[in-house]
Structure formats: C-alpha cells, structure tokens
Amino acid sequence: MVTKQEVIEQYDIEPLREEDNVDLSEDELENGSKGQLIKRAGQLRDRRNELNQMASERASKRDDLNAKTREKVDEAQEHREKRDELNEQVQEHKESRNELNAEANELFDKVEEMKEDLELGEGKSIEELEEEIEELEFRQQTEVLSAEDERELIEKIENKREELAEKREKIDDTEELDELVEKAEEVRSEASTHHQKVTELADKAQEHHNEMIEAYREADDIRDEADEMHELFVEAQEAADQHHEDFVRVQKRLRELDKQEEEERKDEREAEREEEKEEAEEIYQKFKEGETLDTEDLMKLQKTGLL
C-alpha cells in the first residue's frame with residue numbers, strides 16, 4: 001500500500017507546510033485596525049492563490065493517474081477477452097479430440113476383433129511355411145526313404161500345403177482389415193492434431209491470463225497512488241477554501257469599517273453644518289439689529305442660504 005509521503009516524493013509534489021498558512025483570530029478580526037486588516041487580507045489572498053494553484057496541480061496529477069488506471073483496466077479487459085476467446089477454442093478442440101479418440105478406439109477395437117476372427121497371429125507365417133515345404137520336397141527328391149517314411153513325408157507336405165492355402169486365403173481377407181487399420185490411424189492422427197492445438201491454445205490463454213492479472217495489479221497500484229493524490233488535492237483545496245473564507249470575512253469587516261467611517265464623517269459633516277447654521281443665524285440676527293457685517297460674515301450667510 002503506497003503512502004502519502006511516497007507519492008509526494010515519487011511525483012515531486014510540493015508539500016503543504018502548516019507554517020506557510022495564514023491564521024486569522026477572532027480578536028484580530030474584531031479589534032484589528034483597518035491597516036492591519038488590509039495587510040492580513042493581502043496575505044490571505046496570496047496564500048489562497050498559492051493553495052489553489054497547488055490544488056490544481058495535484059488534481060491534474062490525480063486525473064493523469066486515474067487515466068492511467070483506466071488504461072490498465074482496459075488492457076486487462078483486452079487480455080481477459082482474448083483469454084476467454086482462446087479458452088473457447090481450447091474447449092472446441094478438446095471436444096473434437098475426445099470425439100475422434102472415441103471413434104479411433106472403436107475402430108481399433110474392431111481391428112482387434114477382426115484379427116481374432118482371422119487368427120492371423122496364430123501359427124507360422126507364410127514365409128516359414130513355404131520354406132518348410134521347400135525343405136520337405138527337397139528331402140523327398142534327394143533322400144532314399146522307406147515306403148512308410150515316404151508316405152509320412154508326403155502326408156506332412158500335404159498338411160503344410162493345406163495350412164499354407166488356408167493362411168493365404170485369410171491373407172486375402174485382410175484387405176478390409178488393412179483399410180480399417182489405416183482409417184483408425186488417420187482418426188487417431190487427427191485427434192493428436194487437435195490435442196496439439198489444445199496444448200498450444202491453452203498455453204496462449206495462460207499467457208493472456210497472466211498478463212491480465214499483472215495489468216489488474218498495476219491498475220490497483222496506480223489507483224492507490226491516485227487515491228493518495230486525491231487526498232493531497234483535498235488537503236490543499238480545503239486549506240485554500242479556509243483562506244478564502246477568512247479573506248472574505250476580512251473584506252466584510254473592512255466594508256463594515258468603511259461604513260462606520262462614512263457614518264462618522266457624515267455625522268461630523270452634519271455637526272459642522274448645524275454649527276455653521278447656528279453661527280449664521282446669530283450673524284443674521286445681528287444683521288437684522290442693524291450691525292454692520294464684514295465680508296466673512298456675509299459669506300457665511302450666503303453659504304447657509306440666509307442671504
């Protein structure tokens with residue numbers, strides 16, 4: 001499991017240092033001078049902008065990591081689909097192989113039955129019988145035998161000839177057997193071809209399965225990094241939001257102070273006008289009583305509208 005610090009180091013992320021943040025106390029907000037608050041607002045604004053930039057960079061890296069995660073998931077899905085496709089082909093070849101092996105087994109069973117019926121495996125071969133007959137005939141022609149030995153030899157030759165004739169007759173019947181053996185071997189060979197395809201395709205399917213597992217593992221690793229990067233983004237964004245909130249509070253307080261100053265100036269102007277009015281009325285009273293007014297007094301009367 002990747003840690004936040006590992007992500008910071010791996011992707012060269014500027015860490016968020018608490019000592020760089022700007023604090024705003026309630027006492028400062030309520031009792032700070034306008035000049036102090038203007039300075040604090042500037043500090044809050046600048047730090048807010050830094051944090052927003054930091055959050056933006058972290059969000060960009062997070063989005064890149066999420067995109068890479070999706071790429072790995074898509075890659076894993078492609079391997080999954082290819083694996084499943086190959087496994088389907090494996091199953092098809094297995095079924096064909098099994099069907100052909102069953103057919104070949106049936107044919108070879110028939111071959112064995114036919115061999116048993118023909119009894120080709122019993123007794124001497126044609127070549128052996130021919131050699132024995134030839135030897136017996138040579139003996140008959142070259143040796144002087146008694147009548148009884150001659151008769152026995154002739155009888156033995158006849159028996160060998162009968163056995164040879166039977167053997168040759170059975171051999172003539174083996175053409176069907178040869179065709180059956182050839183057919184069985186062809187079917188077995190075809191089954192072997194399907195078995196070879198099963199092995200080849202199964203190996204390829206396993207390769208895609210391994211690639212799928214690896215891609216999913218990499219996707220999980222990158223997703224973990226993206227999650228940590230998102231937490232880093234949230235950390236910076238929340239700090240930026242707090243600075244913005246404090247900046248807005250200071251701005252509001254400054255507007256309140258501006259309003260208070262304006263009210264104070266208005267009250268001062270009102271008091272000045274009231275004082276000027278009272279003074280003008282006194283001057284006007286003097287004027288009505290016949291006193292001579294100087295230029296300054298006349299101007300004061302004109303300013304208040306009494307003259």
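Student: With which residue does lysine 34 form a salt bridge, and how far apart are the closest N and O atoms?

Tutor: The partner of lysine 34 is glutamate 261, with the closest N and O atoms 3.4 Å apart. A salt bridge is a side-chain nitrogen of Lys or Arg within 4 Å of a carboxyl oxygen of Asp or Glu, so the 3.4 Å pair qualifies. Lysine 34 belongs to helix 3 (residues 34-118) and glutamate 261 to helix 6 (residues 175-288), so the bridge ties together parts that lie 227 residues apart in sequence. The model is predicted: local features need pLDDT of at least 70, side-chain atom pairs count only at pLDDT 80 or more, and totals for chains, interfaces and linings use all residues. Residues are numbered from 1 along each chain as its sequence is written, and side-chain values use heavy atoms, with hydrogens and water left out.

Student: What makes lysine 34 count as partly exposed?

Tutor: Its relative accessibility is 28%. Buried means under 20% relative accessible area and exposed over 50%, with partly exposed in between (1.4 Å probe, protein chains only). Lysine 34 therefore counts as partly exposed. Glutamate 261, at 29%, also counts as partly exposed.

Student: How many salt bridges does a search of the whole structure find?

Tutor: The search finds 27 salt bridges. One of them joins arginine 62 and aspartate 63, at 3.1 Å from N to O. Arginine 62 counts as buried because its relative accessibility is 15%, whereas aspartate 63 is partly exposed at 38%.

Student: Where do arginine 217 and aspartate 221 lie, and how many residues apart are they?

Tutor: Both are in helix 6, four residues apart, which is about one turn of the helix. Arginine 217 has a relative accessible area of 42% and is partly exposed; aspartate 221 is partly exposed at 35%. Elsewhere, salt bridges with shared partners connect Lys34, Asp258, Glu261, Glu262, Arg265 and Arg269 into one network.

Student: What does the secondary structure of the protein come to?

Tutor: There are seven helices and zero strands. Helices (H or I, at least four residues) and strands (E, at least two) are DSSP runs, numbered from the N terminus. Along the sequence the pattern reads α-α-α-α-α-α-α.

Student: How do you know that the protein is more spread out than a compact globule?

Tutor: Its radius of gyration is 58 Å, well over the 19 Å that the globule rule gives for 307 residues, so the protein is more spread out than a compact globule. The radius is taken over C-alpha atoms, and the rule is 2.2 Å times the number of residues to the power 0.38. Along the principal axes, the C-alpha atoms fill a box of roughly 205 × 35 × 25 Å. Buried residues make up 27% of the 307 residues.

Student: Among contacts between residues at least 6 apart in sequence, what percentage joins residues at least 24 apart?

Tutor: The share is 85%. Contact means heavy atoms within 4.5 Å.

Student: What does arginine 253 touch, not counting residues up to four places away in sequence?

Tutor: Arginine 253 touches Leu29, Glu30, Leu37 and Gln260 on that count. Arginine 253 is placed in helix 6, and its relative accessible area of 12% makes it buried.

Student: How is histidine 244 classed, and with what relative accessible area?

Tutor: Histidine 244 is partly exposed at 36%. Histidine 244 is found in helix 6.

Student: What is the phi of aspartate 12?

Tutor: Aspartate 12 has a positive phi of about 55° although it is not a glycine. Aspartate 12 sits in the loop between helix 1 (4-10) and helix 2 (26-31). With a relative accessible area of 70%, aspartate 12 is exposed, since exposed means over 50%.
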